[in-house]
Amino acid sequence: MDATAISVSGLVKTFGPTRALDGLDLEVRTGEVHGFLGPNGAGKTTTLRVLLGLLRADAGTARLLGGDPWAHATDLHRRLAYVPGDVTLWPSLSGGEVIDLLGRLRGGLDPKRRADLLDRFELDPRKKARTYSKGNRQKVALVAALAADVELLLLDEPTAGLDPLMEAAFREVVADERHGGRTVLLSSHILSEVEALCDRVSIIRAGRIVESGTLAELRHLTRTSITAELVRPPDGLVELEGVHSLVLDGTRVQFQVDGARLGEAVARLSAAGIRSLTSQPPTLEELFLRHYQTDAAGADGRPREGTSR
Amino acid sequence: MTTLAGTGGLVRLILRRDRWLLPLWVLVLALLPAQTAAAIDQFYDTPAKLGDLYGTIVTTPGLRAMLGPVFGATLGAITVWRAGLYFTMVGLASLLTVIRHTRADEEAGRRELLGSTVVGRHAPLAAALLVTFGANLVLGALLAAGMVGVGLPIAGSLAYGLSMAAVGWTFAAVAAVAAQVTEGAGGARGIAVGTLGVAFALRAAGDTGGSGSGIGWLSWLSPIGWAQQTRAYADERWWVFALPAALVVLLTAAAFALQARRDVGAGVLPARLGPAEAAPSLRSPLALAWRLHRVALVSWTAGLALLGALIGSVATSVGDMARESTQLKDVLERLGGEKGLSDAYIASAMVIFALAAAGYAIQATLRLRAEEESGRAELVLATPASRRRWATSHLLFGLLGPAVALLAAGAAEGLTYGLVGGDLGHQLPRVLAGALVQLPAVLVLSGIAMALFGLLPRFSPLSWAALAVAAFLVLFGPLLRLSQGILDLAPFSHIPKVPGAAVSATPLAWLLVIAAVLAAAGLVGFRRRDLVSTA
């Protein structure tokens, strides 16, 4: 088995005047749950459609499970399952019929797993698809995909229509999948979901990947927020590289600090005597917002340096 | 009445939401007939020419099936005939308007938003009906004024305007009932449009025979038929208006009664449950296509077989009738009825089968596009099912479906024609051949739809335009004395008039080759292009 399940480089896809993918690079390792993070319109769905051979890339290369997704589409599809972001089903078929049909087209599904998933997602398979809500249609596609015996799951915003309870059920199921050794590419714009589920994350913006790495690596790029009550005013905090948004009010301090400088900053606080300390760990959200709050000039993909000092 | 509280406000809301759409269809349908009258007046400027046209219509079942009966050789009566499709259109516009402001709102949850304000339970339905009824009255009045404007008699113009409004009212009321029955707007629309389709089919079937024939009574089962039977400009029969009036009262009362018994959001028909597991056979793109196409296949086949049986059963009497009128006989013989008048009637009815089968062919083939646009194709194509397998599974129904339907129509027609005439063994093969020779022309339309789908998917609906042009050329081309070169553009123009004329294989083979090339080009094109969904 290859070490990389998906490797994409320099992918370009244009629709008329719009450049949906603009030199996208993406690497998903075998066996990992990879978060594909970005808001609507950033190019997540287009990427997945190229990987499925539904769209043909204008430039760049894409390899999926060691094959060319356009030329070897049918062979590759035996080894993967896909859940689209907006699931539409055949109105006259029941949910159970759709699950079985899609499963059989993929080469059969495990009846025990099917029953277990229906149970966990609380889905009634006898209802006609025309009566399902968006969330229930999504569950149909999820059950069909998860009950299939495949190596790779491509999930496009799979929880967009699910309620919080079902989201929790979904997280459990994906965690199981990871233990089972399957590779998952999970596109999402919900940061907490990606934080909870994914080993590695790629952030897409305007058709390009602007950040990619493990959560720990990405957290390293983000800042921790610190609020402290000290015995005496701290020394040398103002001059310290990597400290941002510093508010000094006598013995009370509040600031943000880059991950790399956290130890040094805490050492200086400690030197001034700590009465109380709250530290808020960096969230993906901050990192995300930093990429998305930049203006057009920041579109080159590098996080802009903090200017508030 | 508190259940109607807020109706006035809702009427204003509908008028605001439809401020472009409503005037558009009202004006277009109100003003086009006067245009038609002016055009006919220019073309057929003497009573003799009008008489000729009248004779042609009376002897051509295809023309009557398409547009309706003609009751006189005057400009007014012929205009009402020529504008016959507008009756169906006003019905369609009216029923869509009612569903849009009742069940569609309910499904989208807008009704709930209103229900929490001071709006009575019956107010939304009442408002939708008031607006649609009012729009039809305006349409009728404008239509009558326009017809008087081009110099036609006042009484006839009034009857004509009123008959258009009557069709609009009737199908608005049909839609009001349909909107109570299902939970989804799509289902309600399907029921209402289906009712309109049945009304059209009944009228078309009845009118192929004409009033004196054994199947003329079928037209009297259709609200569209009633509108035409009021005989505007041909000694109007005002009492006929009592029929739509009674039906509208009945249906409207039924709609309100049904509404009073159900919850908001629910339908009268409970949503039925399906199987929890798929049948073992549902395991391939072809099996899925069969599930998606079988209702249409059975409906089209049964519909065409029924029409065939009806036409076959009256063909003998139509021949006898025309034989008695020397004027009609002349016209019919000029039209190329070679062997017998009945044969000519049978042969000319084949055009109707061909056009209907072509409509089915396009509908079935374009199912591909509907599947693609909705995103359902994506679900299948992300599995190991190849694009070619998926596309051919639907195309198969676009090619074989019309063949089955034509076969059934020809067999049923030959059977009844032969049984009535007492020479089944002789007639059945002749009539069956007459239906089957239409197939190559029909398949060209499947080919056009497939080629557009594969190569220019966004332009797929142009297949319908191709059918409209072909139908116009084959039905009205000879009437307008268009040159043979133009008539030849329609695939149906190359089909021999069987029974009667000799069959030559060459044009049929060419049509088959063209259909095959178009379909193959579509398949190849589809394998090379992006999947385009609107989702």
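Predicted model: local features only at pLDDT ≥ 70, side-chain atom pairs only at ≥ 80, totals over all residues.
Good morning. In helix 17 of chain B, residues 367–374, the buried residues are R367(B), L368(B), R369(B), E371(B) and E372(B).

Let me now turn to the overall layout, starting with chain A. Chain A has 10 helices and 13 strands. Its C-alpha atoms fill a box of roughly 70 × 45 × 35 Å along the principal axes. Of the 309 residues in chain A, 43% are buried. If we take the contacts in chain A between residues at least 6 apart in sequence, 71% of them join residues at least 24 apart.

The domain assignment divides chain A into domain 1, covering 4–216, and domain 2, covering 223–281. The centres of these two domains of chain A, taken over C-alpha atoms, are separated by 42 Å. Chain B is divided as well, into domain 1 (2–260) and domain 2 (285–528). For chain B, the distance between the centres of domain 1 and domain 2, again over C-alpha atoms, is 28 Å.

How do the two chains meet? The contact draws 30 residues from chain A and 29 residues from chain B. On the side of chain B that touches chain A, helix 14 (285–324) and helix 18 (376–381) each supply at least two residues. Helix 18 of chain B gives the most to that side, with 5 residues. Sorted by class, the side of chain B that touches chain A has 16 nonpolar, 6 polar and 7 charged residues.

I move next to helix packing within chain B, with two pairs to show. Helix 16 of chain B passes helix 21 of chain B in a right-handed crossing. From helix 16 of chain B, the contact uses A354(B), A357(B), A358(B), A361(B), I362(B) and T365(B); from helix 21 of chain B, it uses A441(B), V442(B), L445(B), S446(B), A449(B), M450(B) and F453(B). By class, this contact of helix 16 with helix 21 of chain B has 11 nonpolar, 2 polar and no charged residues.

Please look at S446(B), which lies in helix 21 of chain B. Is S446(B) buried or exposed? It counts as buried, because it has 30 C-beta neighbours inside 10 Å. Apart from its neighbours within four places in sequence, S446(B) is in contact with A361(B), T365(B), G398(B), L399(B), A515(B) and A519(B).

The second pair is helix 2, residues 21–43, and helix 5, residues 75–82, of chain B; their axes come within 9 Å and cross at roughly 125°. That angle is why helix 2 of chain B is described as oblique to helix 5 of chain B. Here too, helix 2 of chain B passes helix 5 of chain B in a right-handed crossing. On helix 2 of chain B, the residues involved are P33(B), T36(B), A37(B), I40(B) and D41(B), and they meet L75(B), I78(B), T79(B) and R82(B) in helix 5 of chain B. By class, the contact of helix 2 with helix 5 of chain B has 5 nonpolar, 2 polar and 2 charged residues.

I close with some points of backbone geometry. Most residues other than glycine have a negative phi, and most peptide bonds are trans. Y233(B) is not a glycine, yet it has a positive phi of about 65°. Y233(B) sits in the loop between helix 12 (223–229) and helix 13 (242–260) of chain B, and it is buried, with 24 other C-beta atoms within 10 Å.

In chain A, S245(A) has a phi near 50°, again a positive value in a residue other than glycine. S245(A) is found in strand 11 of chain A, residues 243–249, and with 13 C-beta neighbours inside 10 Å it counts as partly exposed.

Finally, where is P499(B) placed? P499(B) is in the loop between helix 23 (484–487) and helix 24 (505–528) of chain B. The peptide bond that joins V498(B) and P499(B) is cis, with omega about 0°. Thank you.

Notes: Residues numbered from 1 in each chain as written. Chains lettered and ligands numbered in written order. Contact = placed C-beta atoms within 7 Å. Helix = DSSP H or I, 4+ residues; strand = E, 2+ residues; numbered from the N terminus. Nonpolar A, V, L, I, M, F, W, Y, C, P; charged D, E, K, R; others polar. Left-handed = near helix turned anticlockwise from the far one by under 90°. Buried ≥ 20, exposed ≤ 12 C-beta atoms within 10 Å, placed from the backbone. Domains from an automatic or database assignment. Axes fitted to C-alpha atoms, helices over the stretch in contact; angles between N-to-C directions. Parallel < 35°, antiparallel > 145°, perpendicular 65-115°, else oblique.
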